[in-house]
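This report describes a single protein chain for a reader who is new to structural analysis. Please keep the sequence and the model in view while reading.

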Amino acid sequence: MKLQRHSLFSIFLFLGIVSSSFASESPTFTFQPAQPLLEDVVTIRVTGLNPKERIQINAVQKDELGRSWQSYATFEADKKGVVDIGKVAPLAGSYSGVDPMGLFWSMYLNVLEKQRSSYWHTTLSPIEVTFTAKRSEGNAVTGKVIRRIIKDGIKKIEIRNNGVVGNLFLPAGKAQHHGIIVLGGSEGGIPNDAYVAQFANKGFAAFGLAYYRENGLPAHFANIPMEYFRNAIDALKAYPDVDSSHLAIVGSSTGGVAALLCASQYPDIKAVISIIGGAILFQSIDPDPSVKGIQSNFTLGGTPLPFVPVKSPELTPENLNTAYYLRIFLSSLFATSDNLVEQSTISVERINGPILLIGASNDRLFGSAFLNSKAYNRLTTKNFAHPYDVINYDGVGHTLGAAGLPGTPTTINSEIIEPYDIGYEYGGNPKDTARAQTDSWKKVFEFLKRYVTDAKNQPST
């Protein structure tokens, strides 16, 4: 009897009549690593599908403003019923080509969201991304990835000494960690914790320094005393867990300008990275209303530093759609005498260490590629004694480096400009921006490793 039952079972199995409980495993998402850091490449696989089955994978996450961001892509499973996103290109979707991180960087803001501005994440809270695979047959499959902002063991210390305002992030361990000052851009305030923490993740004592729009500091980007940066350097050097022997500074946008200016004044800084910045000082377009007359962004010894005066076109929707701010800066530069431009250019040749300039060729806000070329030419003609390099990315706008969070959505490269409810485009496109974020981030830490971490192996100057 047992032989007969086995024979019948074999026949049923051959004919495909056996209950589905004997079929292949249920479809499942797998992620590696399961809880990655922001900089990690995530391997995403869906297994247990039917051979050659087509599925649409949707990715959704919310930013700290509560807004929903999403992306999607359609794939065909291989002969084993597996979709490995890092090995195959989507048949259709929000990105194209083989790209393991495509579903992350190609996210776009849900059309129902009223606030149409860039992705917003400033804190140390992790980012949760939900993936759903819609099948042509059967139920949808879901999975989640938790993207961590900061490594375990890193300490955050608020510094409020001698008028200096910022947050210091110290990696775990008893040894001293190389110090780096991190400056934000025209948004003002203390640079986003989510950004500054990325440097601590790499082993640096990272000091996110505010220089205006913070309690106790100027309310406007005007008349910022350079002596404030001197005090910040001293505060960081005095901290026992910080190795300040090769202190570095990095800044984005206007922070990139400030980083070059600070390093040109204070030789304690021995390595500089300026991201989408420049080496020319312009008249403040955010003046202090209590001070009469046109103003400089910075002062030294109470005296305004020289600047290129600006003339602003009328703020109209038409002008906003034609690179309004880029026109302000570049047209003002071209209309200024060579002598005044020379006086308004930061003396980058005085910097006491290597310099890395990172710009974007499609920057519609500040023209960082052009302004970096001015700094590069000055370094060349002045026979600068230290290594220096300039990197410009095509297809990339002013968002490069502004957030410092590789892999976050880049589809919207604009901000709402008051009083008009329209967005000002920063330039660039999502695919090239994602590529440049990854590559520039790699270049930043290669530079820091060579000229800060391994500085003891470099010739003394």
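The report begins with the whole chain and then turns to selected strands, helices and residues.

## The chain as a whole

The structure is a predicted model, in which local features need a pLDDT of at least 70 and side-chain atom pairs count only at pLDDT 80 or more, whereas totals for chains, interfaces and linings use all residues. Residues are numbered from 1 along each chain as its sequence is written, and side-chain values use heavy atoms, with hydrogens and water left out.

The average pLDDT (the predictor's confidence in each residue, from 0 to 100) is 90 for the chain, and 92% of the residues score at least 70. Over residues 1-23 the pLDDT stays under 50, and the model has four contacts beyond four places in sequence for this segment. Contact here means heavy atoms within 4.5 Å.

The chain holds 10 helices and 22 strands. Helices (H or I, at least four residues) and strands (E, at least two) are DSSP runs, numbered from the N terminus. Along the principal axes, the C-alpha atoms fill a box of roughly 105 × 55 × 40 Å. Of the 461 residues in the chain, 51% are buried; buried means under 20% relative accessible area, exposed over 50%, and partly exposed in between (1.4 Å probe, protein chains only). Among contacts with a separation of 6 or more, 69% are between residues 24 or more positions apart. The chain exposes about 21300 Å², and carbon and sulfur atoms supply 52% of that area. Accessible areas come from the Shrake-Rupley method with a 1.4 Å probe; for residues, only the protein chains shown count as cover.

## Strand pairings

Two strands pair if DSSP finds at least two bridges between them.

| Strands | Sense | Bridges |
|---|---|---|
| β10 and β11 | antiparallel | seven bridges |
| β12 and β15 | parallel | six bridges |
| β15 and β16 | parallel | six bridges |
| β14 and β17 | parallel | two bridges |

V182 stands opposite V250 in β15, and L247 stands opposite I269 in β16. Strand β15 is mostly covered, as nine of its 11 residues are buried.

Strands β14, β17 and β18 form an open sheet in that order, with mixed pairing. Its edge strands are β14 (224-225) and β18 (303-304), each of which pairs on one side only. I224 has F298 in β17 as its bridge partner.

Strands β10 and β11 form a hairpin with two residues between them, and N162 in the turn has a positive phi of about 55 degrees. The bridge partner of N161 is V164 in β11.

N167 lies in β11 (residues 164-170). Is N167 buried or exposed? N167 is buried, because its relative accessible area is 5%. Beyond its neighbours within four places in sequence, N167 is in contact with several residues, including K156, E158, I190, D193 and F207. The side chains of N167 and D193 are joined by a polar contact of 3.3 Å. A polar contact is a pair of N or O atoms within 3.5 Å; within protein, one must be able to donate a hydrogen and the other to accept it, and residues adjacent in sequence count only if both atoms are side-chain atoms.

S253 is in the loop between β15 and α5. This serine is buried, with a relative accessible area of 12%. Leaving aside neighbours within four places in sequence, S253 is in contact with G185, I275, I276, G277 and H398.

Helix α5 (residues 254-265) has 12 residues, which should span 16 Å at 1.5 Å a residue; its end C-alpha atoms are 17 Å apart, which agrees. The expected span is 1.5 Å times one less than the number of residues. Why is α5 described as largely enclosed by the rest of the structure? The reason is that 11 of its 12 residues are buried. The buried residues of α5 pack against elements that include α4 (226-237), β15 (242-252) and β19 (355-360).

## Helix α10

At the start of α10, a side-chain oxygen of N429 reaches to within 3.3 Å of the backbone nitrogen of K431. The buried residues of α10 include A434, Q437, W441, V444, L448 and Y451. An α-helix has 3.6 residues a turn, so residues three or four places apart point the same way.
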